[in-house]
Amino acid sequence: MTIGGNQLRLALSADQQQRARPHKENAMPRTKLSVPDVAEVRPGLWSNAIRAGDMLFISGQVARPFEGGTEIVGKDEYEQAKQIFSRIDRIIKAAGGTMDNLVKMTIYVVDIKKNTEVWRARREFFTGDFPASTLVEVRSLAPAEVLVEIEAVAFLGTS
């Protein structure tokens, strides 16, 4: 290391050297799930879904068309939630699962009073017990016409 033109040598213990290195051998392998019929945003921003072992982590989905674009499908919470659950359904199916594999959802809404519309849409996609869920009211989502965003985690079984 050079500071002010002077060369300094850092003496690190073996333990400190080990902690300073990335632990790729200890990291769980993860794979980006590509879903041909659910468009993603530009490359480099985020992935729609990542599989890590038996778990599938689905990024927050908004009611965009399956083929991509910037417009939003649906003018109210019910219509947007249906589109979002359809997107999530396609993503899970591409990973070899079903909506019954969802174990956790976080749902963001801009108007908590309209949560029953999200629940109405949810009932159309699930059988049996619903996944564990958290509902969060936010001031806004981007862009302004987005009323609902849902992220999800699924357990897909033995990888």
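## Terms and basis of the model

Helices (H or I, at least four residues) and strands (E, at least two) are DSSP runs, numbered from the N terminus. The structure is a predicted model, in which local features need pLDDT of at least 70 and side-chain atom pairs count only at pLDDT 80 or more, while totals for chains, interfaces and linings use all residues. Residues are numbered from 1 along each chain as its sequence is written, and side-chain values use heavy atoms, with hydrogens and water left out.

## The chain as a whole

The chain contains 3 helices and 8 strands. Along the sequence they follow the pattern β-β-α-β-β-β-α-β-α-β-β. Of the 159 residues, 35% count as buried, where buried means under 20% relative accessible area, exposed over 50%, and partly exposed in between (1.4 Å probe, protein chains only).

Contact means heavy atoms within 4.5 Å. Among the contacts in the chain with a separation of 6 or more, 67% come from residues 24 or more positions apart.

## The sheet

Strands of a sheet pair through backbone hydrogen bonds, either parallel or antiparallel. Two strands are counted as paired here if DSSP finds at least two bridges between them. In this model, 6 strands form an open sheet with mixed pairing, in the order S3-S4-S5-S8-S6-S7. S3 and strand S7 (132–137) stand at the edges with a single partner strand each, so one side of each is left without a neighbour in the sheet. On average, neighbouring strands of this sheet are turned by 15° against each other, direction ignored.

Helix H3 (residues 115–123) packs on the sheet and touches strand S6 (102–109), S7 and strand S8 (148–155). The direction of H3 makes about 150° with that of S6; axes are lines fitted to C-alpha atoms, for helices over the stretch in contact, and angles run from 0 to 180 degrees between N-to-C directions.

## Strands S3, S4 and S5

S3 and S4 pair in the antiparallel sense over 3 bridges, and arginine 51 in S4 is the bridge partner of threonine 31. Arginine 51 also stands opposite leucine 56 in S5.

S4 and strand S5 (residues 55–61) are antiparallel as well, paired over 4 bridges. These two strands form a hairpin with 2 residues between them, and glycine 53 in the turn has a positive phi of about 65°. Methionine 55 in S5 is the bridge partner of alanine 52.

## Serine 47

Serine 47 lies in the loop between strand S3 (30–32) and strand S4 (49–52). Is serine 47 buried or exposed? Serine 47 is buried, because its relative accessible area is 18%. Leaving aside neighbours within four places in sequence, serine 47 is in contact with Lys32, Glu40 and Ser59.
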